[in-house]
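Please open the structure in your viewer and keep the selection panel at hand, as this tour moves from one selection to the next.

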Amino acid sequence: MSKSQANPNKDSTWNDEWQMVIGLEVHVELDTKTKLFCGCANSFGNAPNTNTCPTCLGLPGSLPVINETAVSYAMQLGRALHCDVHPSIFARKNYFYPDMPKDYQVTQYDQPTNADGHITLPSGKQIGIERAHIEEDTGKSTHIGGGGRISDATYTLVDYNRAGVPLVEVVSNPVMHSSEDARAYVAELRDILLATGVSDAKMEEGSMRVDANVSVRPTGSNELRTRCEIKNINSLRSLGRAIEYEARRHIALYDSGDAPRQETRHWDEAAGRSRPGRSKEDADDYRYFAEPDLVPLAPTADDIAAIDAAMPALPAERRQALADAASVELSATALVVERNLDAMALGSLEAGAPAAGVLKHIENNLADGPGKLTADTFAALVSMEAQGDLTATQAKDVLAEIVETGAGPKVIAAAKGFEAMDASELEILLDGLIAEHPQEWARFAEGDRKVQGFFVGKIMKATQGQADGKMVNALMMARLG
Amino acid sequence: MFTSQMSAILDHVAELQTLELNDVEPMSHPMPLTNVVRPDVVRPSLAPADFLSSAPAAEADMFKVPPVLGEER
Amino acid sequence: MTSRRSAVSIAADVRAGRVSARDVLEEHLARIDAREGEINAFNLVTAEAARSEADAVDARIAAGEKVGPLAGVPVALKDNMCTKGVETTCSSKILEGWKPPYNATVVDRLREAGAIAIGKTNLDEFAMGSSTENSAFGPTRNPLDVSRVPGGSSGGSAAAVAADFAPISIGSDTGGSVRQPAAFCGLVGVKPTYGLVSRYGLIAFASSLDQIGPFSHTVADAALVMDSIAGHDPLDSTSITGAAPSLSAVLNSAVSGLRVGIISDLMGDEMDPDMRSAVNNAGAALEAAGASIGEVRIPTALSGLGAYYVVAPAEASSNLARYDGVRYGLRVDAANTGLMNEASRTAGFGDEVKRRIMLGTYALSAGYFDAYYGSAQKVRTLIAAEFASAYEDFDVLISPTTPTSAFEFGAKSDPVEMYMNDLCTIPSNLTGDPAMSVPYGTDDNGMPVGVQILAPTMGETVMFTVAAELERSQA
């Protein structure tokens, strides 16, 4: 056993004898105006307990009434994840915790709104989704004393502003096998959420929370070994680090004849490790039963059709559409879609621009956005370069100017003096130079390559830098032969 | 005392098993209602003073409790 | 003491200016002063607030403004209904001193109708019981015989009306908690169709069974209250969506042609002979008025007791989890919140509540769910199907309300024996169908006997029609 495997804290290359198995549970806060079961504002950052009422405080006698927009958003998300939308019932998940106003959480258990979907990663890989169900969020606890850490607190303060905020919990199948895929999954889910507008999906603000279920198995096997749930992951980077750490921790245990315990663990980003944590949700038995204060949801085929009809173009579809139009690999389109420039690209392709140039410029020269560039001006520019009317350097320059001013490429090229210089004009110039500098030309003809620069420099000066250096060299070489 | 009372009650309840229940749907709602929803419109909330004054302990407009056992969530 | 006034006559007299709301109130407060010490119907008498409200009603009438159908009528409210700024305790130490920041919908509707809330009445703790002996604040006594219980869980509301502390009161009925005390105290008591009256602000015991209903001396008074409180509430997802039936309008409808069925399974030997003969007499009276009488078998009704004592405690165990000392109510301090939760509940809950929470937790737990809660919910479906089938042949059904008349304090110390009290009333809670108890004579002890009328879902009109006829037949 190598030293790097024995110590999971050290960065090391992955041992191919093992395969990671990762499933992700992502809680998404829906961007509705009000909470799931009451009319209190669904708003982040207000003074404590100012967005509360008898229902979300769970006061004796209070009752829930479902927010119709939360249901609609949940179904939209389900369809965006290619799920089947089902009739659903709410259930009570019973356990005690101070941030739970009723000491049960209203969620969906046996019959969730959405099931059996998938996410397509930019690489083209499909990750199956088991379910995406609706549930209510809890309040927030602040631990006082002991540096804010729960284990050293002297007391705790509870704010119920967040209690009752609508959540959708998206549960993937345990079919990811690398931290890169896990990150790509979460990034793609975030992009889908932003595209549909059902959540602002900010990990750093808690409107998207990721828990990772991690286990390992010998490569080639189909077994599912003991997994650990890792919580407190607050960024994509932490997600990657936490998965890498945890998988290696499991391997180290197996390699030493031990095995990981099934438990919930807490990711400590600062220390770069996970710690065991018995979360209060590790109750053995939640005693689920159908929520008697709510009646079932029964979406109709028309409801679902309306959602499908109104669905905006999602990232995976956009990548596929561009890949088809440009006849390139799916992976070549990822950055374009990420930059929201696929519509521009498609428009340019339709206007006749060659795909290679379109993609190249988007990737290399439009990182800061299109500015005043349009599909037509973009197409014209790319075509000019492809036809040799502009050099690569010139094209980049003109593009930057179109982005800033919105003027057409031909106008800009003319203003900059980037007139098309064809070979015959250069031949004439070369003739003149050869006549003026016969000794230098003779040295070039004998093989002196240094003097080549002399002639190229003269031509560049004569054309104010607009000659294509490569073309000049080619013409000179052709004269010799 | 509780145990023997619970047993007696559960014996009574055990009679439920004598009925033929295989093809019967459970009734969780007496009324066959579905799709009861409300519009996503903000309604007035309570003010913290409305309920914190009757809280067992409060500080800074939050409910104050002894330390919570277990890990952060 | 002034003689008893009905809610209907008070409302008419106050509206016509023949008596002031304030005078009516003072009559009732005087009766409370005279006998409440002996009866203990109330956890709280809200005399000052009631006086302000009565004065306000009188001022509106004097100004010629329109007032509601219950204007000036004192009403007592069971202390498990939220009254804003007024102590609401469920007769439990765990909520002693708690003042809700909001009103139950029924409380708001009564106020809008002009009724004068006179106080919060005693109950079995968290509505769990059939005698009001389980109150943390002492039992309520039956005004007709103070050595006997008034019934439960709404014993205080029943006693308040029986003692004429108020002409009407509001209770809640989960397994019979309005109908049984009504029978024990010689009153009309109604459990409406599930969903007809909003549960918003009713402190939950068993959510799929609880319903709010009125107590009164007369069927007309009960109809007047029902017409004021029933109807859709957007704050209660389980409330009816259609129109509420008008009950005051049907009290003089004829019963001729109606088909009345006696539930023979509830006429067995566990029923006191006086209860059975009352039902038979009621049947005969209806027949004399032109209805047809028959017998109907509903065998699964007897399984109701077992199903109820699984479903109700199960839902209660979840509904009562929130009493953890964090946000309101009794808190017993401890080193951490988990221990605080346990200590507060141990100190705050009485034995019957603890018993039912344990039972309910067990019935929901993994490995037992299918055998207990799962089965019980299926039994409900069977019972509902049998009743629905019976209602194809009958318009209403009748049965005893209770196996016996009001028993003496301490007589039913064994919980299982106590649970048998609910045998006749439980089926309607399980099916959600309406039922009401009307007083029908007395037994050998001189205690009142109640006859229960049962009707199909949203069948309150035919139910009240029959009740009115039974009342007339005794006049």
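Two strands are said to pair if DSSP finds at least two bridges between them, and the strands themselves (E, at least two residues), like the helices (H or I, at least four residues), are DSSP runs numbered from the N terminus. The model is predicted, so that local features need pLDDT of at least 70 and side-chain atom pairs count only at pLDDT 80 or more, whereas totals for chains, interfaces and linings use all residues. Residues are numbered from 1 along each chain as its sequence is written, while chains are lettered from A and ligands numbered from 1 in the order in which they are written.

Begin where chains A and B meet. Select strand E2 of chain A, residues 66-67, which is joined by two bridges to E1(B), the two running parallel; within this pairing, A:Ile66 has B:Val37 as its bridge partner in E1(B).

Now widen the selection to the whole contact, to which chain A gives 44 residues and chain B gives 32, two residues being in contact if their C-beta atoms, placed from the backbone, lie within 7 Å. On the chain B side, the elements that give two or more residues are strand E1 (37-38), helix H2 (48-52) and strand E3 (62-65), and E3(B) gives the most, with four residues. That side of chain B consists of 17 nonpolar, six polar and nine charged residues, where Ala, Val, Leu, Ile, Met, Phe, Trp, Tyr, Cys and Pro count as nonpolar, Asp, Glu, Lys and Arg as charged, and the others, Gly among them, as polar.

Next, stay in chain A and select its three-stranded open sheet, which has the order E5-E4-E15 and antiparallel pairing. Strands E5 (104-107) and E15 (289-290) of chain A stand at the edges with a single partner strand each, so one side of each is left without a neighbour in the sheet. Four bridges join E4 (residues 91-94) of chain A to E5(A), and A:Arg92 can be found opposite A:Val106 in E5(A).

From there, turn to the contact between chains A and C, where 24 residues of chain A touch 32 residues of chain C; the chain A side divides into 15 nonpolar, three polar and six charged residues.

Finally, select chain C, which holds 15 helices and 11 strands and whose C-alpha trace spans about 65 × 55 × 45 Å along its principal axes. Of its 475 residues, 65% are buried, that is, with 20 or more other C-beta atoms, placed from the backbone, within 10 Å of their own.

How values were computed
Buried ≥ 20, exposed ≤ 12 C-beta atoms within 10 Å, placed from the backbone.
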